[in-house]
Amino acid sequence: MGALDQLYQQLILEHSKAPHGKPLKADYGGESFQVNTTCGDQVRLHVTLGPGDVLEDVSWEGSGCSISQASLSVMTDLVRGKTLEEAATLSADFTELMHTRGQGFDDDAAADALGDAMAFEGVSQFPMRVKCALLGWMALKDAAAKAKAGDHTPAQIPEGWE
Amino acid sequence: MTAGTSAASAGGAASPAGSPGPLTDAEVERLRSDFPILGREVGSQPLAYLDSGATAQRPRRVIRAMAEFVERSNAGVHRGAHTLASEATEAFEGARARVARFVGAPAPEAIVFTSGTTAAVNLLTIALRNLAGGETAGPVPSSAPGLVIRPGDRIVVTEAEHHANLVPWQRLAAQLGAELAWVPVLPNGRLDLAQLDELVTERTRVLAFTHVSNVTGAVTDVQAFVRAAHQVGAIAVMDAAQSAPHLPLCLGDQPASGDVSAAAGVPLGVDFAAFGAHKMFGPGGIGALYGRPELLAALPPAFTGGGMVQAVTMRGTTYLPAPARFEAGTQPVAEAVGWAAALDYLDEDVGGMARIAEYEERLTARLLEAVAGVPGVRLLGPADQTDRLGVASLAIDGVHPHDAGQVLDAAGIAVRVGHHCAMPVHRKLGVRASTRASLAFYNTLAEIDRFGQALAQVRPYFGLTGAAGAEGE
Ligand SMILES: Cc1ncc(COP(=O)(O)O)c(C=O)c1O
């Protein structure tokens with residue numbers, strides 16, 4: 001079970017059992033609802049922007065596999081208090097990490113910035129799971145863009161979800 | 001399941017294993033060696049392929065037949081005077097006749113080649129929409145007025161459907177202003193037959209149902225559905241994607257002869273049926289719409305273009321009769337050849353679907369036993385073996401299907417995770433997704449035991465207790 005244990009790092013299992021960022025706060029600057037259609041994972045995520053485009057708060061509710069839940073949790077810790085620009089860089093770095101196919105990630109500065117999120121490096125060996133790890137980051141990108149644009153409309157929820 | 005009625009194969013080749021009775025374990029071991037992929041390892045474990053409900057593996061006979069055709073006779077069909085075109089046409093039409101015999105169709109013309117089950121249902125719904133729109137092809141038989149759907153008419157489906165036999169009907173109903181009703185799924189995973197007569201009203205034109213659910217494994221009482229449909233002049237449309245790989249099928253009205261498998265099937269008398277080669281140990285990219293010849297004759301085409309016309313002028317076109325009318329464009333000939341080879345393999349090398357069905361009863365019993373013994377695991381669908389095939393979709397307490405599938409994969413066991421393209425039945429049974437093991441005749445009791453053992457490790461791996469005697473990894 002070598003590869004399996006690399007995938008399910010202790011940190012991932014712990015976050016998935018007690019995820020950070022829940023419960024969802026009622027107030028928000030931007031809302032996103034994302035689904036993973038292959039397995040039915042879903043997340044509703046809220047962000048609030050403060051002065052200087054700082055992500056004052058990130059909260060979410062959702063259900064899914066341990067990878068998607070843990071990734072949302074670690075992401076929340078990571079981006080709270082960061083500027084939109086810093087969060088966008090983290091998001092790009094994390095996406096790149098997910099596409100390394102287990103071949104290693106040699107951007108040390110990015111690795112430092114990703115911190116706990118580096119625990120997901122093992123996911124890159126499982127292409128089918130990459131989407132799970134990215135679900136929260138997609139929601140963040142979408143909600144942040146809406147908040148920045150002052151678009152407070154509730155997210156569209158596809159029929160049959162929720 | 002009776003196998004005692006198997007008739008001699010009329011295909012020319014004698015069937016060496018044609019005697020009735022289930023496949024034996026020794027025979028299965030031998031047959032497994034016909035499937036190169038079953039010999040591979042995943043990680044460092046021998047593969048246990050328990051995902052045949054998604055797509056089945058192919059025996060060497062299929063792979064060879066396709067390669068030989070491509071290496072020797074590849075050409076377009078029904079056109080060209082050259083030798084290859086003639087060989088290809090013969091192979092393609094031969095495959096049609098082969099499929100027809102295997103499923104107990106009254107004639108080869110009852111088989112329309114499509115790219116799969118999904119395409120077959122869509123072809124039918126598009127043709128029905130065209131007919132409703134006023135396009136005609138031939139007289140609508142008085143026995144099946146259901147072919148013509150008018151606003152306010154009813155289309156009845158079931159809650160157990162794969163999206164392939166649900167979404168096209170939803171869409172057709174919306175397009176034609178018809179009403180969609182459905183036979184509900186009971187908490188035990190079976191269809192609520194008590195509601196059938198009430199749901200199938202006088203205005204019902206179509207009753208579409210799956211023969212076997214790809215989630216619960218429940219086998220539908222086809223006779224009850226066909227009777228209900230025909231009482232009101234509706235057409236009975238069956239999704240046979242999940243039954244054709246496991247049961248002898250006789251889609252027509254007559255006890256079929258000339259095929260060891262079809263002869264063992266109870267004549268079902270459905271009006272249309274859809275199925276595909278890739279779950280029947282054949283290639284992807286080919287399947288069929290079965291239709292009663294007199295109904296196909298009354299349907300306008302779905303797709304138009306080359307290969308389906310009699311004559312074209314700048315002002316208009318006359319179409320060929322069925323099945324060619326429904327087969328526009330260049331056809332997948334190598335795939336048809338591969339499919340026919342798969343059916344030859346099932347009849348001749350395996351000895352017929354009845355033998356498979358009987359052997360699989362043993363596998364199914366073992367599978368149900370294996371999952372029943374694991375704490376924290378709930379089976380979606382009937383736990384008793386009557387009218388049920390070897391599919392076990394599971395809800396594992398506290399573990400998402402994706403995670404369960406990953407742990408099983410690490411043990412070399414291939415299962416499917418997700419909603420298996422059947423979201424409504426999952427919702428009805430209280431889950432969003434499940435972990436599904438689905439069997440085929442090449443599976444062994446030992447593989448099922450391995451699955452049971454690996455399943456017992458899943459919850460402990462994620463730190464959940466209750467699995468007696470299981471270790472952390
Ligand atoms: C019950 C059922 N119907 C339809 C389909 C779709 O079949 P195809 O892949 O041939 O389009 C499947 C399998 O995916 C199925 O299980």
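1. Helix α11 of chain B (residues 401-410) is mostly covered, since eight of its 10 residues are buried, where buried means under 20% relative accessible area, exposed over 50% and partly exposed in between, with a 1.4 Å probe and protein chains only. The buried residues are B:Pro401, B:His402, B:Asp403, B:Ala404, B:Gly405, B:Gln406, B:Val407 and B:Leu408. After α11(B) comes B:Gly412, with a positive phi near 85°. Helices here are DSSP runs (H or I, at least four residues), as strands are (E, at least two), numbered from the N terminus.

2. On the basis of these remarks: this is a predicted model, in which local features need pLDDT of at least 70 and side-chain atom pairs count only at pLDDT 80 or more, while totals for chains, interfaces and linings use all residues. Residues are numbered from 1 along each chain as its sequence is written, chains are lettered from A and ligands numbered from 1 in the order in which they are written, and side-chain values use heavy atoms, with hydrogens and water left out.

3. Chain B is assigned domain 1 (7-58 + 351-461) and domain 2 (62-347), with bounds that come from an automatic or database domain assignment. The C-alpha centres of domain 1 and domain 2 of chain B lie 26 Å apart, and their contact (heavy atoms within 4.5 Å) takes 48 residues from domain 1 and 44 residues from domain 2.

4. The largest nonpolar core has 163 residues, and those with the most contacts inside it are A:Leu45, B:Phe275, B:Phe441 and B:Phe451; such a core is a set of buried Ala, Val, Leu, Ile, Met, Phe, Trp, Tyr and Cys residues joined through side-chain atoms within 4.5 Å. Helix α9 of chain B (residues 333-350) gives the most to this core, with 12 residues, and at least three residues are drawn from each of domain 1 and domain 2 of chain B. Beyond its neighbours within four places in sequence, B:Phe451 is in contact with B:Leu50, B:Leu367, B:Val371, B:Leu394, B:Leu408, B:Ile413, B:Val415 and B:Ala437. Another core, of 34 residues, lies apart from the largest one and includes B:Leu123, B:Leu166, B:Val206 and B:Leu296.

5. The axes of helix α2 of chain B (residues 60-72) and α9(B) come within 8 Å and cross at roughly 145°, the axes being lines fitted to C-alpha atoms, for helices over the stretch in contact, with angles from 0 to 180 degrees between N-to-C directions. This crossing of α2(B) and α9(B) is right-handed, a crossing being left-handed if the near helix is turned anticlockwise from the far one by less than a right angle, and right-handed if clockwise. Among the residues that make the contact are B:Met66 and B:Phe69 of α2(B) and B:Ala341 and B:Tyr345 of α9(B).

6. Two buried positions may be read together. A:Ser71 lies in helix α3 of chain A (residues 66-79) and counts as buried because its relative accessibility is 1%; leaving aside neighbours within four places in sequence, A:Ser71 is in contact with A:Phe94, A:Phe120, A:Ala133 and A:Trp137. B:Thr117, in helix α4 of chain B (residues 117-132), is buried with a relative accessible area of 10%, and B:Thr117 touches B:Asp239, B:Ala241, B:Ala274, B:Phe275 and B:Gly276, not counting residues up to four places away in sequence.

7. B:Gln231, by contrast, counts as exposed because its relative accessibility is 58%; B:Gln231 is placed in helix α7 of chain B (residues 222-231). The C-alpha atoms of B:Gln231 and B:Val200 are separated by 9.1 Å, although the two are 31 residues apart along the chain.
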